[in-house]
Amino acid sequence: LLESLYFLAHGRSFRTRDRLSVIGSGAQQAKITAHWIQNDLDHRLGCRIFPEGRELLWNGKSQAHWTKVYGILRVLIFTPESTGLFRTAPASRRRYFDQAIGNYFPEYEKYLSRYQRVLRQRNQMLQNRTPPTWRIPYDEQWADLTARIMELRQNYLEDLMPYWTERLGGLTTSVSGITARWEGPIPQKPKPTTQSLLELLAAVAEEESRIGHTRLGPHREDLVLYWQERPLREVASQGQQRLVAIALKLAEADLFRRRHGHAPVFLLDDVGSELDPQHLASLLKSLKTMASQTVLTTAHPGEYSALEAKTFTLEAGNWLS
């Protein structure tokens, strides 16, 4: 159920990249539909998933991209895995924030897609030992796209941080005053320009020719959190890092509501197994104050008995109520 709701909003699963795995065994396709009313407007969204692709239907009309959906239906999910965001490898955080920034700045996805294409072409030329002069057009594209991507990443972080620190303060007093910055082989200050990036690229040209791939760029960056002037992952407990990740989700919701005027839908997948009763109560209170529709799953329904919620029981794959 949670995977279906998430797929409708994002066009992909949060659980797997394998499209075939979301199609039932022995079936040729999967179909998801949703109907809701928001601000007195009737919305109908449908998605069909095939082995070779997918189709989005918005109010009965086929859509080429999910961009239109992002401003209407925003779905955020908590899973036991997502609470470990800041304990994973940098690539995981890049993927997470690339998606979040793309939802916030629609042009970001376009720049990132073009950058990845240029990066592949440039790496191929480096591996094939092509003359440096042949790479000049790709170097210029790399520099222009890198400057745009880094600027949007920084802008997003500056908009996010006030909400992030506020939400964290509402969940716990044990972690306060966190800061965050993008770190990588390209200095953030002064603000990179196309020309300064080309100069940095020229400085590592010999090394890149030797190793056969691009040394610099957004694909090498990581978002690093600091607490008490030390990296969070080194000084915070696993429980504290979970709360930081949850506060991030709440802050994303605040940003979305500021831009679009309504709260997103939250999906909670067995989050009670990751949080103690006190912090779980704080999370549910935060969700209630932002008037988000929340769908949660649990193997221990007694933990949520105080909620005024519609409940469904699933046993052995069958809905009982």
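Patches, as I use the word this morning, are made of residues with over 30% relative accessible area and no salt bridge, where like charges are joined within 9 Å and nonpolar side chains (Val, Leu, Ile, Met, Phe, Trp, Tyr) within 5 Å. The model before you is predicted, so local features need pLDDT of at least 70 and side-chain atom pairs count only at pLDDT 80 or more, while totals for chains, interfaces and linings use all residues. Residues are numbered from 1 along each chain as its sequence is written, and side-chain values use heavy atoms, with hydrogens and water left out.

Let me begin at the surface. Lys-110, Arg-114, Arg-117 and Arg-120 gather there in a patch of positive charge. The place of a charge is taken as NZ of Lys, CZ of Arg, CG of Asp or CD of Glu. Lys-110 is found in helix 4, residues 106-127; helices (H or I, at least four residues) and strands (E, at least two) are DSSP runs, numbered from the N terminus. With a relative accessible area of 47%, Lys-110 is partly exposed. On that scale, buried means under 20% relative accessible area, exposed over 50%, and partly exposed in between, with a 1.4 Å probe and protein chains only.

There is also a nonpolar patch on the surface, formed by Leu-1, Phe-312, Leu-314 and Trp-319, which together have about 500 Å² of accessible area. Such areas come from the Shrake-Rupley method with a 1.4 Å probe, and for residues only the protein chains shown count as cover. Trp-319 is found in strand 12, residues 318-319, and is exposed, at a relative accessible area of 54%.

I turn next to the salt bridges. A salt bridge is a side-chain nitrogen of Lys or Arg within 4 Å of a carboxyl oxygen of Asp or Glu. By this rule the count comes to 16. In one of them, the side chains of Arg-122 and Glu-208 meet at 2.9 Å, N to O. This pair links distant parts of the chain, with Arg-122 in helix 4 and Glu-208 in helix 7, 86 residues apart. Are these two partners buried or exposed? Arg-122 counts as buried, at 1% relative accessibility, and Glu-208 counts as buried at 0%.

Consider now Lys-191 and Glu-151, whose closest N and O atoms are 2.9 Å apart in a salt bridge. Lys-191 lies in the loop between strand 6 (179-183) and helix 6 (194-203) and Glu-151 in helix 5, so the pair ties together parts that are 40 residues apart in sequence. Here Lys-191 is exposed, with a relative accessible area of 54%, and Glu-151 is partly exposed at 35%.

A local example is Arg-257 with Asp-254, a salt bridge in which the closest N and O atoms are 3.5 Å apart. Being three residues apart in helix 9 (residues 238-260), the two are separated by about one helical turn. Arg-257 counts as partly exposed, at 32% relative accessibility, whereas Asp-254 counts as buried, at 8%. Finally under this heading, Asp-98, Arg-153 and Glu-221 are linked in a network of salt bridges.

My last topic is the aromatic residues. The structure holds nine aromatic pairs. Rings of Phe, Tyr and Trp (its six-membered ring) pair if their centres lie within 6.5 Å; planes under 30 degrees apart count as stacked, over 60 as edge-to-face and the rest as tilted. Why is the pair of Phe-78 and Phe-266 stacked? The ring centres of Phe-78 and Phe-266 are 5.5 Å apart and their planes stand at 10°, so the pair is stacked. Phe-78 lies in strand 5 (residues 75-78) and Phe-266 in strand 9 (residues 265-269), so the pair ties together parts that are 188 residues apart in sequence. Both Phe-78 and Phe-266 are buried.

Phe-86 and Trp-164, by comparison, form a tilted pair, at 5.8 Å centre to centre and 35° between the planes. Phe-86 lies in the loop between strand 5 and helix 3 (90-104), and Trp-164 in helix 5 (residues 136-171), so this pair ties together parts that are 78 residues apart in sequence. Phe-86 and Trp-164 are both buried. To close, Tyr-96, Phe-97 and Trp-182 form one aromatic cluster.

Methods. Lys and Arg count as positive and Asp and Glu as negative; His and the chain ends are not counted.
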